[in-house]
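Me: I am new to this structure. Please walk me through its side-chain contacts, briefly.

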Amino acid sequence: MSIKKYNGSCHCGKVKYEVDLDLSLGTSKCNCSFCSKVRNWSAMIKPAAFHLLSGKEELGSYQFGTMSATHKFCKNCGVRTYTEGYIEEIGGDFISVSLSTLDNLEPSELVEAPLWYADGRHNNWRSQPAEIRHL
């Protein structure tokens, strides 16, 4: 286990954050209606490991379905930076960081990180969907 501090931001730079993340714990892709649309690739952490540095007033939010997660995005450039929420089945409070917004993430780190696929389309979060090539 190796925690590293990463800096993240939206495209225009108005939203900036830092996160303490151990990529060896895994990353994930999901086939739910939202994740499929945004081609989500993320890593989940506890809220204490996330620090919004700037741009709170620039953040828009979106919720759907059970309203258990709030997807955050920059209102200026539209880049989705992270999701925050509470789901008992996955351990309660969480933040899911969009890996594409991490500015100092080396491609080799991403390639080496374990990857989990979740079948969110069928609310079967602990199982891998039958088809993952499009994710």
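Reply: Start with a term. Buried means under 20% relative accessible area, exposed means over 50%, and partly exposed lies in between (1.4 Å probe, protein chains only). The model is predicted, so local features need pLDDT of at least 70, side-chain atom pairs count only at pLDDT 80 or more, and totals for chains, interfaces and linings use all residues. Residues are numbered from 1 along each chain as its sequence is written, and side-chain values use heavy atoms, without hydrogens and water.

Me: Lys72 and Glu84 meet in a salt bridge; what is the N to O distance?

Reply: A salt bridge puts a side-chain nitrogen of Lys or Arg within 4 Å of a carboxyl oxygen of Asp or Glu. Lys72 is buried at 15%, and Glu84 is partly exposed at 30%. Their side chains meet with N to O at 3.6 Å.

Me: Which residues are linked with Lys5 in a network of salt bridges?

Reply: Lys5 forms a salt bridge with Glu18, with the closest N and O atoms 3.9 Å apart. Lys5 lies in strand E1 (residues 4-9) and Glu18 in strand E2, so the pair ties together parts 13 residues apart in sequence; strands are DSSP runs (E, at least two residues), numbered from the N terminus. Lys5 also meets Asp20, at 2.8 Å from N to O. The network links Lys5 with Glu18 and Asp20.

Me: Are the rings of Phe34 and Tyr62 stacked or edge-to-face?

Reply: Rings of Phe, Tyr and Trp (its six-membered ring) pair if their centres lie within 6.5 Å; planes under 30 degrees apart are stacked, over 60 edge-to-face, and the rest tilted. By this rule there are 6 aromatic pairs. In the pair of Phe34 and Tyr62, the centres are 5.9 Å apart and the planes are at 25 degrees, so the pair is stacked.

Me: Is Phe34 buried or exposed?

Reply: Accessibility settles this. Phe34 has 14% relative accessibility, so Phe34 counts as buried.

Notes. Helices (H or I, at least four residues) and strands (E, at least two) are DSSP runs, numbered from the N terminus.
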